[in-house]
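Please read the following briefing alongside the sequence and the coordinates. It begins with the chain as a whole and then turns to selected local features, grouped by topic.

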Amino acid sequence: MPQMIRRFLEKPGSVDLTRFQAVVTEAARLEAEVESRAELTPPEGHTVGTAEFCAVVREAARRTLGERPYDVQLMGMLALLDGNVAEMATGEGKTLSGALAAAGFALRGRRVHVISVNDYLARRDAEWMGPLYESLGLTVGWIGESSTPEERRAAYSRDVTYAAVSELGFDVLRDRLRTDPADLLVPAPEVALVDEADSVLVDEARVPLILAGAADPGQAAPEMAALVRRLSRGYHFEIDDEGRNVFLTPKGTDTVEKALGIDLYDHPGTVTEVNLALHAHALLTRDVDYIVRDGRVHLINPSRGRVALLQRWPDGLQAAVEAKERLAPSETGEILDSITIQGLLTRYPEICGMTGTAVAVGDQLREFYDLKVAVIPPNRPCVRADEPDRIFADSDDKVRAIVEEIAAQHATGRPILVGTLDVAESERLDLRLRARGLTPVVLNAKNDAEEAAIIARAGARGAITVSTQMAGRGTDIRLGGVGTTDDQSERLIKDLGGLYVIGTGRHDSSRLDDQLRGRSGRQGDPGGSVFFVSGADELLTAYAPDLALPAADPDGVVRHPHGGWTVGHAQRVAEGVHLEIHRNTWRYTRLLERQRAQLLEQRDRILHGDAGGRALAAACPERYAELCASAGEAAVERAARQIVLYHLDRCWTEHLAHMADVREGIHLRALGRLNPLDEFNREAVPAYRRLLDEIGRRSKETFETVDVSRDLADQGLGRPTATWTYLVQDNPFGSEWDRVLSRVASALKGRRPRR
């Protein structure tokens, strides 16, 4: 009945599974006959999704991988083939379901890109599932950060290609600047099958991927970093309630002016340098927002607790953080092109995905991708015991309680997984536990390369594993430890209650809490989870600053029911703020994505045909005829192509820079009661028309004077000698307009529940 109501209301998770169940039931009746076949014939494309297909791929998996897919795994496969996001709990075998679905798409003649969150999972899954694909007559490849152009070309030529989302995006960006069709790597998009779909499609969808060129050393004033180190919060500067903006007080302004010997606001450039240094000093915390390793600043992905490879803040802020840490500034350069992950994935005519936590973002998946969520039931019912939050008024009381709980559970031999919110917290807890005589294993952004081995051992007797966010770890935690064949050891741990998960605080997304919980209780195993929360946690101070927790009992524990409501309210506000920022980011990038798509269609006609030559022949008929007579039509055609492509790419780069400047100041239009988004679009449309006119004007001007017998690069058409790629963390403090939205959200935080 609840499922029927959800379908009627079209709520997330309302996809009807009845037809999938009927197909799987029929496949079970065919299983014995298929199993008796000496050889399996790869299914024909038209059979994909039928009971016969399910029976054949089930047997193929059993023979090649030693794993017989459960009925629910086949249902997950069918949901993916139907174009849905399949929600499958941790440990239910999403990797195999995804591989079977990818094989089905490929057997239909579709090229499939299986998109993961990192290189490790892309390679592991491609190699793990390789024998299955081969048995079905299909080829598979994978792409990672270290893959050479030749290896990438080979991987993209396969029926199924596994790749990290960032690597796929960077290849697309590089292809957008190719000047020879033979150099193109990425084939036309057909099917995207996204692993950890909520993480990729939602959490990372507002992080632009950047292709830059003409790299120069970054610049930041070390004296500014030294100056702001001497400033004190509450006296020289203040931070807003959301922790997204910092500003000098009058006393702080006087102090800075005396130190620099200037009237600060008569020097706009210096104001910018001071503000960037102050943001880096006051709002970005080492071992929380970033780590320093090998002499470089590495950002930490807030949703996964991992180092965000190749990711950086906008150049000025990046350099300010490097100056803060007394590091040499990293290179910077002109942005040649960019694409959001949302823009990258919506290029695919067909998208599907799988994750353990999709319903919570089901509305966003529908809004941004037109995707529905199919909730696949577990193979065995989950019997994990999820305890209510233990809430404390004081953070010291909370930490003491966590250490006591870990010590008590460890004394029984029960394995414990502790999820912390950031690197600094994981290291502080490690010290507290060691002082208590315990020996935890710590997994955080500083040693994430060892994560698979650490997580695989987390289910062993007596194990204490302290980790930052567990989302997307991709490794099952088996009771007794990885590869254990000791049934007695596994039974003992089950008797102890299974893996015990402890969260040291609520995340700003309930999905991240659920992902941490989901590490326990896989495949019907016993398990337990509990979260510890304090009134000093950032979730409450940032998103419910006006709501006080009820009074604590003498032992420091808040037991009043309103305490739990306050924590949940803060989390809901955080999710609402993040969603609105996501929407706002997409609103601003959507028009640019459309403009880029139109320009790329024109670019492809030039790259693959004679559109450039025809355009210049029409614009400069006499010059075209003259050059053809002296150099030959083929040479003129090649030169015309390079000229138009150069100016097209150059004008797009300038358009991006112009629109970035427009967006930076567009919030000021709100003071005149104008809608900033409407004003941004009003600027973008005529700017794009001017871009198209400018491409033609510059191309004609160059064609009139160029010597087609000489290298065009020597005549002012040189491109960057090297390009480099990175993800830019869109201003982590938001634009002024983002902060307006945030302040509106903060006005809602004071609402209390009805008594």
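**Overview**

The secondary structure of the chain comes to 27 helices and 23 strands, where helices (H or I, at least four residues) and strands (E, at least two) are DSSP runs numbered from the N terminus. This is a predicted model, in which local features need pLDDT of at least 70 and side-chain atom pairs count only at pLDDT 80 or more, whereas totals for chains, interfaces and linings use all residues. Residues are numbered from 1 along each chain as its sequence is written, and side-chain values use heavy atoms, with hydrogens and water left out. Of the 755 residues of the chain, 54% count as buried (buried means under 20% relative accessible area, exposed over 50% and partly exposed in between, with a 1.4 Å probe and protein chains only). Among contacts (heavy atoms within 4.5 Å) between residues at least 6 apart in sequence, 75% join residues at least 24 apart.

- Leaving aside residues up to four places away in sequence, Met 77 touches Phe 53, Cys 54, Val 57, Ser 97, Leu 100 and Ala 101.
- The axes of helix 4 (residues 71–81) and helix 5 (residues 94–107) come within 8 Å and cross at roughly 45 degrees, the axes being lines fitted to C-alpha atoms, for helices over the stretch in contact, with angles that run from 0 to 180 degrees between N-to-C directions.
- That angle makes helix 4 oblique to helix 5, since angles under 35 degrees count as roughly parallel, over 145 as roughly antiparallel, 65 to 115 as roughly perpendicular and the rest as oblique.
- At this pairing, Gln 73, Leu 74, Gly 76, Met 77, Leu 80 and Leu 81 in helix 4 meet Leu 96, Ser 97, Gly 98, Leu 100, Ala 101, Gly 104 and Phe 105 in helix 5.

**Helix 24 and helix 25**

- The axes of helix 24 (residues 621–631) and helix 25 (residues 633–665) come within 7 Å and cross at roughly 125 degrees, and the two helices are therefore oblique to each other.
- Tyr 624, Leu 627, Cys 628 and Ala 631 in helix 24 meet Glu 633, Ala 635, Val 636 and Glu 637 in helix 25.

- Helix 20 (residues 510–517) is largely enclosed by the rest of the structure, because 6 of its 8 residues are buried, namely Arg 511, Leu 512, Asp 513, Gln 515, Leu 516 and Arg 517.
- These buried residues pack against helix 9 (197–203), strand 15 (385–386), strand 17 (416–419), strand 20 (499–503), strand 21 (527–534) and helix 22 (561–608).
- Arg 384 is placed in the loop between strand 14 and strand 15, and although Arg 384 and Gly 527 are 143 residues apart in sequence, they are 4.5 Å apart in space, C-alpha to C-alpha.
- A polar atom of the Arg 384 side chain lies 3.5 Å from the backbone oxygen of Arg 517, and a polar atom of that side chain lies 3.0 Å from the backbone oxygen of Ser 520.
- Ser 529, found in strand 21, counts as buried at 1% relative accessibility.
- The side chain of Ser 529 makes a polar contact with the side chain of Arg 517 (3.4 Å); a polar contact is a pair of N or O atoms within 3.5 Å, and within protein one must be able to donate a hydrogen and the other to accept it, while residues adjacent in sequence count only if both atoms are side-chain atoms.

**Loop residues and positive phi**

- Most residues other than glycine have a negative phi.
- Asp 370, in the loop between helix 15 (362–369) and strand 14 (373–375), has a positive phi near 55 degrees and is exposed, with a relative accessible area of 67%.
- Gln 523, in the loop between helix 20 and strand 21, has a positive phi of about 50 degrees but counts as buried at 8% relative accessibility.
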